[in-house]
Amino acid sequence: MDDNRSEYDRLIKPIENRMIGSVWRITRNPEDAEDAFQDALMTIWKQFEKVSRHPNQHALILKICANSAYDILRKKSRRGKREELHAHSLEYQDSQRSADELLSNKETRIEIFQAISQLSRNQAVTVLMRFVQELPYSDIARVLGCSEATARKHVARARTRLSKILAPLLPGLQKEKIK
Amino acid sequence: MKNNNKNFNFEQFINNNANQEIPSEVELRLRKRLAEFRKKIELFELSGKKFKILNMLRSKTKLTSVMAAAILIISLGIYLVPWSKDPGKAFAAVAEQFEKAKTFTCKIFIKQEGLPDMDQELLYKAPGYARINITINDELSHIGIINMVDKKGINILPSMKQYIETDVNNVTEEQFQIDLIDNLRTLPKFADEILGKREIDGRMLQGYLVKEEGMKRTVWLDANTEELVRIDMEFLNITGVNYAMTDFEFDVALDDSLFDLTPPKGYEMMKRDVSDASELPDENDLVNFIRYLTSQNEDGLFPPLNDVGELVTYVKELIDKIPEEDSAQKEKIKKTVYLGMMFWTQMSKENDWHYEGENVKIGSADIPICWWKPEGSTMFRVLYGNLELRDVDLEKIRRP
């Protein structure tokens with residue numbers, strides 16, 4: 001390994017796509033995505049030494065991204081800007097799907113992230129890391145500073161809470177075959 | 001993957017709905033931010049001079065190595081500005097202390113509007129034994145012992161020489177009003193906000209704010225020693241209740257007998273299965289409770305019960321009036337009161353509870369006494385002066 005390689009190349013470059021992808025998938029709005037991303041980069045900058053010494057730097061950086069995106073979701077949720085979330089996401093629909101499918105999926109996505117914004121920070125970030133960023137529990141536990149069992153517990157509790165919040169959506173979707 | 005919700009793959013559900021292609025415009029914006037960030041890092045690394053300086057320190061030429069050391073010290077001075085002592089480390093150390101402690105104890109002072117202040121002593125022993133001694137007005141009012149491993153507990157009431165055994169096998173977490181111990185043991189390693197320093201009780205403390213679902217905690221550490229001094233808890237859905245936790249001790253010797261579920265000698269048992277759904281209060285318990293309250297009123301009016309404090313005071317006065325020799329009746333009334341008050345006091349902001357029975361004549365069929373919105377309902381459940389319950393739209397709940 002070249003010790004003179006920039007820290008950016010070591011820490012950020014390998015996960016650029018995942019960072020961008022996870023922030024977008026959570027916020028779903030160009031301005032919010034940019035705000036969340038900028039907040040995440042600021043946090044990474046301020047904690048750079050800690051990040052660079054962490055045993056799992058990439059997972060930590062992704063956690064910071066999930067955290068920033070969660071904060072944006074929470075702010076939106078408090079201000080009741082569901083209409084805004086709804087309006088902006090209209091611009092980015094996949095034009096190849098049917099109108100019914102689009103409507104159903106768009107609304108479902110709004111509901112899901114609205115629900116996630118109602119979780120506690122630990123639960124929300126754990127869910128986002130697990131379900132959206134697809135990190136293994138070992139990585140999640142490492143960056144949260146807890147045991148794997150505790151990380152699973154956060155997910156289990158979040159799942160229970162999300163099930164309750166999303167209950168109106170689930171009966172219809174249960175009929176779909178999930179592969 | 002194991003499905004926990006009627007064969008419904010929740011994880012895939014969220015993943016499927018979360019995944020969406022990133023619009024090119026958005027990707028462009030975010031990559032621009034990354035490019036700026038990259039430049040910032042590279043500038044900060046002084047274009048690789050740091051590594052060059054370290055090589056110079058190994059130089060055999062004394063002058064060169066002294067200069068190199070000077071440059072390094074100056075550079076470190078710059079590095080030290082952003083990389084100065086991280087106050088968050090002290091907080092993380094406290095979180096770890098809770099997570100790893102085999103035992104801990106603390107004192108809890110509870111202030112509730114309209115109710116007497118309460119002092120508690122909490123003792124915890126891994127892997128899941130807890131004891132809470134509750135003192136009200138300097139009298140030991142209640143001892144709660146919980147075995148979280150076997151899901152059993154006992155509540156001891158010294159003043160009444162009674163105990164209640166609880167079998168909590170089927171109780172969900174929501175039924176524990178406050179899971180203090182779990183909240184402490186899963187304190188996150190990073191606080192949401194690092195607050196300023198404040199002098200509390202003559203000691204300079206550094207505060208850390210942790211925000212979680214329904215709750216805010218402020219963790220106070222000694223500004224000099226970084227020792228945990230206090231945790232303040234505020235519940236967002238319950239107004240007027242504050243917890244202050246102090247006097248923390250970790251890994252102290254706690255004898256197993258402190259967590260023994262054997263009832264004390266000479267105490268009478270009152271069995272209560274918390275998991276029995278029939279013991280959970282419902283609106284009929286509220287109606288029975290209010291019926292009892294009104295039965296004791298000589299003026300033919302519903303009592304003024306504008307907050308929980310007034311309610312408790314009113315109820316206590318009624319119960320105190322019942323003769324001691326009438327113990328069976330007293331027990332029946334206590335149960336009516338207990339279930340009714342549980343229903344009343346469990347109302348949250350979402351239920352939008354109202355009691356407006358003061359000065360309403362008992363039997364007034366058209367005047368609403370109290371109303372609330374059950375979870376998941378768009379209508380309000382309204383209790384009228386004749387103790388009938390009806391479902392009503394909010395706009396139609398009228399007072400003459």
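Two strands pair if DSSP finds at least two bridges between them. The exercises below apply this to a predicted model.

**Exercise 1. Work out the strand order of the open sheet in chain B and find which strands stand at its edges.**

Step 1. Four strands of chain B make up the open sheet, and their order is β13-β14-β15-β16, with antiparallel pairing.

Step 2. Check each pair against the cut-off. β13(B) and β14(B), the latter covering residues 368–372, are joined by two bridges. Between β14(B) and β15(B) there are four bridges, and β15(B) is joined to β16(B) by four bridges.

Step 3. Y355(B) faces C370(B) in β14(B). W372(B) has R381(B) of β15(B) as its bridge partner, and L383(B) is opposite L389(B) in β16(B).

Step 4. β13 (354–355) and β16 (389–392) of chain B each have a single partner strand, so they are the edges, and one side of each lacks a neighbour in the sheet.

Step 5. Look at the turn. The hairpin of β15(B) and β16(B) has four residues between the strands, and L387(B) takes a positive phi near 65 degrees there.

**Exercise 2. Decide how β15(B) is covered, and which way its residues point.**

Step 1. Five of the five residues of β15(B) are buried; the cut-off for buried is under 20% relative accessible area.

Step 2. Sort them by direction. F380(B), V382(B) and Y384(B) point one way, while R381(B) and L383(B) point the other way.

Step 3. α7 of chain B (residues 283–295) lies across β14, β15 and β16 of chain B, at about 155 degrees to β14(B).

**Exercise 3. Compare the salt bridges R53(A)–E49(A) and K125(B)–D256(B) by where their partners lie.**

Step 1. In R53(A)–E49(A), the N to O distance is 2.6 Å. For K125(B) and D256(B), the closest N and O atoms are 2.6 Å apart.

Step 2. R53(A) and E49(A) both belong to helix α4 (residues 48–53) of chain A and are four residues apart, about one turn of the helix.

Step 3. K125(B) is in strand β2 of chain B and D256(B) in the loop between β11 and β12 of chain B, so this pair ties together parts 131 residues apart in sequence.

Step 4. Read the accessibilities. R53(A) is exposed at 63%, E49(A) is partly exposed at 26%, and D256(B) is exposed at 55%.

**Exercise 4. Find which residues have the most contacts inside the largest nonpolar core, and list the contacts of I12(A).**

Step 1. The core has 59 residues, and I12(A), M19(A), I44(A) and I116(A) have the most contacts inside it. Helix α5 (residues 57–79) of chain A gives the largest share, 11 residues.

Step 2. Leaving out neighbours within four places in sequence, I12(A) contacts E7(A), M19(A), I44(A) and I61(A), and also L34(B) and F37(B).

Key:
Residues numbered from 1 in each chain as written. Chains lettered and ligands numbered in written order. Predicted model: local features only at pLDDT ≥ 70, side-chain atom pairs only at ≥ 80, totals over all residues. Heavy atoms only, no water. Core = buried A, V, L, I, M, F, W, Y, C linked by side-chain atoms within 4.5 Å. Buried < 20%, exposed > 50% of the residue type's maximum accessible area, 1.4 Å probe, protein only. Contact = heavy atoms within 4.5 Å. Axes fitted to C-alpha atoms, helices over the stretch in contact; angles between N-to-C directions. Salt bridge = Lys/Arg side-chain N within 4 Å of Asp/Glu carboxyl O.
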